Amino acid sequence: MAMVASLGLNVIMAQDAQATSENNKKLELSVYLGGSTPLGSFGKSPAIDVSAEDMLRKVAYNGDITYGNADWVGVNVGMKAKYNIPEVKGLGIMATADMFFNTTFGFKIKEDNSSYGVIDEELYSVCINIPIMFGANYDYAINDKISIWGEAAVGANLRIITTSGTTKRVEYVDNMELTFKQNYDNCFTLGFQTGVGVKLNKKYSIGLHYYNLGNKAVTGVMTDIVPGIATTDVKNTPFSLPELKTSMLLIRLGYHF
């Protein structure tokens with residue numbers, strides 16, 4: 001967000017002293033609000049025929065499976081600064097900053113299993129993506145009220161997965177409650193986005209976007225807390241899951257200053 005604000009300030013300071021109008025703006029600023037649906041492994045959920053025991057074994061111990069399991073609707077807020085190139089009407093370079101919120105990252109299990117007893121398990125968290133991108137936008141005016149636009153950009157994304165945890169009761173060890181917490185490492189990925197849309201009255205827009213925020217392994221530390229008679233045994237175990245492919249389809253509304 002600071003990078004975009006800095007870019008906008010620098011462009012404003014560099015502008016000529018001539019008066020501007022809606023038709024000859026050198027700098028356009030806009031803000032956005034939208035909803036997204038996850039694609040690929042980011043939105044993939046565990047198969048319904050996977051047993052609770054198998055899920056616990058794979059996710060908690062072997063680390064050979066990744067399910068983003070993001071909800072089918074996420075939230076996006078963002079802003080964009082576009083500098084219009086005087087020589088080519090409608091074409092401009094742009095810088096964008098976005099923030100995506102998607103829940104849940106994890107899985108839920110409630111099953112009576114012969115090996116573990118009654119399992120009532122939830123592992124969930126929020127996946128936050130913050131991409132900063134640079135690219136180009138072209139806006140073609142159909143008339144004074146309506147224009148169509150397209151854009152593309154590339155940049156870096158910060159992925160944050162909040163801590164997930166669960167407490168489960170295991171009958172075969174005298175109903176002992178086991179607590180698991182997974183702390184995920186933050187990471188940077190390379191990403192890109194493309195979008196098309198319509199602008200109305202040079203103030204309002206609606207756009208359809210595809211964001212691919214890169215592939216990166218999910219790493220972190222699992223804390224296994226087993227209450228004992230006199231002390232609490234805490235084990236911190238690093239884990240590394242396969243690459244999570246973060247991509248999403250997005251519809252959002254914009255307001256242009």
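Mentor: Let's go through that stretch, then its rings and cysteines.

A word on the ground rules: this is a predicted model, in which local features need pLDDT of at least 70, side-chain atom pairs count only at pLDDT 80 or more, and totals for chains, interfaces and linings use all residues. Residues are numbered from 1 along each chain as its sequence is written, and side-chain values use heavy atoms, with hydrogens and water left out.

Start with the loop. N201 sits between β10 (187-200) and β11 (204-227); helices (H or I, at least four residues) and strands (E, at least two) are DSSP runs, numbered from the N terminus. K202 is in the loop between β10 and β11 too. What is the phi of N201? It's positive, about 55°, although N201 is not a glycine. K202 also has a positive phi, near 60°, and is a residue other than glycine. For background, most residues other than glycine have a negative phi. As for accessibility, buried means under 20% relative accessible area, exposed over 50%, and partly exposed in between (1.4 Å probe, protein chains only). N201, at 41%, is therefore partly exposed, and so is K202, at 31%.

Setting aside neighbours within four places in sequence, the contacts of K199 include E28, K145, W149, Y204 and H256.

Two of those names lead on to rings. W149 has K80 lying over its face, 5.4 Å from the ring centre; a charge sits over a ring if NZ of Lys or CZ of Arg is within 6 Å of the ring centre and within 35 degrees of the ring normal. Elsewhere, R252 puts its charged end over the ring of Y32, 4.5 Å from the centre. Y204, for its part, is linked by ring pairs into a cluster with Y255 and F257.

How many aromatic pairs does the whole structure have? Five. Rings of Phe, Tyr and Trp (its six-membered ring) pair if their centres lie within 6.5 Å; planes under 30 degrees apart count as stacked, over 60 as edge-to-face and the rest as tilted. F100 and Y211 are edge-to-face because their planes meet at 65°, with centres 5.0 Å apart. That pair links distant parts of the chain, 111 residues apart: F100 is in strand β3 (residues 91-103) and Y211 in strand β11. Both F100 and Y211 are buried. Y255 and F257 are edge-to-face as well, 5.1 Å centre to centre with 85° between the planes. Y255 is partly exposed at 32%, and F257 is partly exposed at 47%.

Last, the cysteines. C187 is buried at 10% relative accessibility, and C127 is buried at 1%. A disulfide is a pair of cysteine sulfur atoms within 2.5 Å, and the structure holds zero of them.

Notes
Contact means heavy atoms within 4.5 Å.
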